[in-house]
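User: I have a structure open and would like to go through it piece by piece. Can you help me read it?
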Amino acid sequence: MLTSPFTFEKPTTIADAIEAVGDSGESMFYSGGTELLLAMKMRVIHTERLVDIKGIPGLDRIVLTDANEIEIGSRCTHKRIAADPVIREHAPALSTLCDNVANVRVRSVGTIGGNLCFGEPHADPPTMLAALNARLVLQGQTGVRFVHADEFIRSELETVREPDELLTMIVFPRPTGPVTYRRFKHGERPSVNVAMAWSMEATSSTIKTARVRVGALGSRPQPLKAVEDALKGRSIADVRPAIEAVLAEALDELDINDDRHGGADYKRHLAGVLLLRNAEEAMTRGKRSR
Ligand SMILES: Cc1cc2nc3c(=O)[nH]c(=O)nc-3n(C[C@H](O)[C@H](O)[C@H](O)COP(=O)(O)OP(=O)(O)OC[C@H]3O[C@@H](n4cnc5c(N)ncnc54)[C@H](O)[C@@H]3O)c2cc1C
């Protein structure tokens, strides 16, 4: 099926792009087009005008800042992030994740910004970015605001972004401990995924903080609070019993949809398995870095 007619603009500044999209909801930002064009062809999305952001310089930068934070421009493709030396050195799990998103065609043109803004629940990056405690930088007609990755997705295919707000950048603290990611998928997109990020005490094998997120089984990534609390202050050697003591209770608190990826009980079970596999890897990585 063909899309309905639309006009196309290619601004060269962020301000012009924001103005061109406006807040009427009749125009949309266009990045790699991998989600948008499919949805337009299926007539699920109709828009009068596409505003292409590919000509705006600076939106595809990746840097480690003096404040020890990693900034990823929203226009970075999955392929670009996977290959970037800063990401490979400081967040190798994110590099591996981006190297395995979708297929080579989608990885080459699909962007991290488009992935987040589409709000598809069966996605890889949102879970990892929430575990990394990332903030998303949104710039609109009224200024700039930061939204935590945990709060960005409101519900299935819906985010807190206003129509005129351009996601310009994703920012997260440089990880100081092991970061791991596991997913299970039957088809193209993940059915369940789990990401874990620890910070470690400087002089011992003790976990200072743990962030654990489970994704793809509800509309947005969810924390496993009981597991995070159980890991805090724990020596690496005690990780497995600490998780096992609270796992059933933690998994029961997840909000899980029955969908074509499987029933809630099945996905809850998968989440538990993936969590323990993450923990095994994090323990190995944590011991190696001591
Ligand atoms: C066959 C296939 C398999 C896939 N498999 C996976 C998978 O395994 N895991 C996974 O995580 N994802 C998967 N995806 C999703 C893929 O990651 C996204 O399609 C891609 O990242 C979207 O980026 P884009 O630049 O093409 O977005 P676009 O299609 O250009 O835009 C998507 C939406 O985001 C908005 N938008 C884009 N950029 C911005 C911005 N900077 N600011 C504000 N709004 C913006 C657009 O207006 C639109 O609403 C798959 C997609 C396909 C088609």
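User: How far apart are the end C-alpha atoms of residues 1-177, and what share of the span is helix and strand?

Analyst: This is a predicted model. In it, the end C-alpha atoms of residues 1-177 are 48 Å apart.

User: What does UniProt list for residues 1-177?

Analyst: The UniProt record, an unreviewed entry, gives "domain: FAD-binding PCMH-type" for residues 1-177.

User: On to sheets. What is the strand order in the open sheet of 5 strands?

Analyst: The order is E4-E5-E10-E6-E7, and the pairing is antiparallel. Strand E4 (62-64) and strand E7 (143-148) are the edge strands, since each pairs on one side only. On average, neighbouring strands of this sheet are turned by 20° against each other, direction ignored.

User: What holds strands together in general?

Analyst: Strands of a sheet pair through backbone hydrogen bonds, either parallel or antiparallel.

User: Over how many bridges do E6 and E10 pair?

Analyst: Strand E6 (residues 135-140) and strand E10 (residues 166-173) pair over 5 bridges, in the antiparallel sense.

User: Which residue in E10 does Leu136 stand opposite?

Analyst: Leu136 stands opposite Ile170 in E10.

User: Different topic. How many aromatic pairs are there?

Analyst: The count is 1 aromatic pair. The ring centres of Phe8 and Tyr30 are 5.5 Å apart.

User: Why is the pair of Phe8 and Tyr30 called edge-to-face?

Analyst: Their planes are at 75°, and planes over 60 degrees apart count as edge-to-face.

User: Where do Phe8 and Tyr30 lie?

Analyst: Phe8 is in strand E1 (residues 7-9) and Tyr30 is in strand E2 (residues 27-30), so the pair ties together parts 22 residues apart in sequence.

User: Is Tyr30 buried or exposed? And how does Phe8 count?

Analyst: Tyr30 counts as buried, because its relative accessibility is 12% and the cut-off for buried is under 20%. Phe8 has 42% relative accessibility, so Phe8 counts as partly exposed.

User: Last one, Leu251. Which helix is Leu251 found in?

Analyst: Leu251 is in helix H11 (residues 239-252). With a relative accessibility of 9%, Leu251 counts as buried.

User: What does Leu251 touch, not counting residues up to four places away in sequence?

Analyst: Leaving those out, Leu251 touches Leu224, Arg268, Ala271 and Gly272.

User: And how far is Leu251 from Ile112?

Analyst: From C-alpha to C-alpha, Leu251 and Ile112 are 28 Å apart in space. In sequence, 139 residues separate Leu251 and Ile112.

Conventions
Residues are numbered from 1 along each chain as its sequence is written. This is a predicted model: local features need pLDDT of at least 70, side-chain atom pairs count only at pLDDT 80 or more; totals for chains, interfaces and linings use all residues. Side-chain values use heavy atoms; hydrogens and water are left out. Two strands pair if DSSP finds at least two bridges between them. Helices (H or I, at least four residues) and strands (E, at least two) are DSSP runs, numbered from the N terminus. Axes are lines fitted to C-alpha atoms, for helices over the stretch in contact, and angles run from 0 to 180 degrees between N-to-C directions. Rings of Phe, Tyr and Trp (its six-membered ring) pair if their centres lie within 6.5 Å; planes under 30 degrees apart count as stacked, over 60 as edge-to-face and the rest as tilted. Buried means under 20% relative accessible area, exposed over 50%, partly exposed in between (1.4 Å probe, protein chains only). UniProt positions are given in the numbering used here, feature names are shortened, and annotations may be inferred rather than shown by experiment. Contact means heavy atoms within 4.5 Å.
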